[in-house]
Amino acid sequence: MPDTIFVLNGPNLNLLGLREPEIYGTDTLDDIAGMLEDRARELDLAIDMRQSNHEGHLVDWLHEAQARQAKAVLLNAGAYTHTSVALHDAIKSVVTPVIEVHLSNPHRRESFRHRSLVGQAARGTIAGFGALSYLLALEAAARL
Ligand code: DQA
């Protein structure tokens, strides 16, 4: 059985490809899942990709990643990145390494995006490379 990497996506990321393409690009979440699965196969890893617009689902899935002994979690928490103490605490509550991922570089954007409660608990952060951010995070997760 290959090790599993959970890839958790937060609010509005279901609209990727349509949503503000000048910021987030034209790849859909399915495109990204396909790209990750191709690379995961080469690395002998499995991908479990999910998206929810609900904060509590992301908390539950972080707990599930630990219960299932996932190798790592790639987490793009969307706007919850900047607001969610619950996600911050959930990341700290599990031993599973969590890598924060963003398509855009929040530090180049509005000041309310400059603070990351996810990043303050995560193992590391990859941001600003569009869909490639996910692939780079997978490379990092594979080497943990
Ligand atoms: C995002 C950045 C967040 O600030 C924003 O709320 C998102 C997407 C990104 O991937 O660039 O929804 O997480």
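How many helices and strands are there in the chain?

**View 1. The whole chain.** This predicted model, numbered from 1 along each chain as its sequence is written, uses local features at pLDDT of at least 70 and side-chain atom pairs at pLDDT 80 or more, while totals for chains, interfaces and linings use all residues. Side-chain values rest on heavy atoms, with hydrogens and water left out. You will find five helices and five strands (DSSP runs, H or I of at least four residues for helices and E of at least two for strands, numbered from the N terminus). Follow the sequence and the pattern reads β-α-α-β-α-β-α-β-β-α.

**View 2. The inside of the fold.** Of the 144 residues, 48% are buried (under 20% relative accessible area with a 1.4 Å probe, protein chains only). The C-alpha trace spans about 40 × 30 × 25 Å along its principal axes.

**View 3. Helices α2 and α5 side by side.** Here α2 (residues 29–42) and α5 (residues 132–142) have axes that come within 10 Å and cross at roughly 30°; axes are lines fitted to C-alpha atoms, for helices over the stretch in contact, and angles run from 0 to 180 degrees between N-to-C directions. The two helices are therefore roughly parallel to each other (angles under 35 degrees).

**View 4. Where the two helices touch.** Leu-29, Ile-32, Met-35, Leu-36, Arg-39 and Ala-40 in α2 meet Tyr-134, Leu-135, Leu-138 and Glu-139 in α5 (contact means heavy atoms within 4.5 Å). By class, this contact has eight nonpolar, no polar and two charged residues; Ala, Val, Leu, Ile, Met, Phe, Trp, Tyr, Cys and Pro count as nonpolar, Asp, Glu, Lys and Arg as charged, and the others, Gly among them, as polar.

Definitions and conventions. Angles under 35 degrees count as roughly parallel, over 145 as roughly antiparallel, 65 to 115 as roughly perpendicular and the rest as oblique. Buried means under 20% relative accessible area, exposed over 50%, partly exposed in between (1.4 Å probe, protein chains only).
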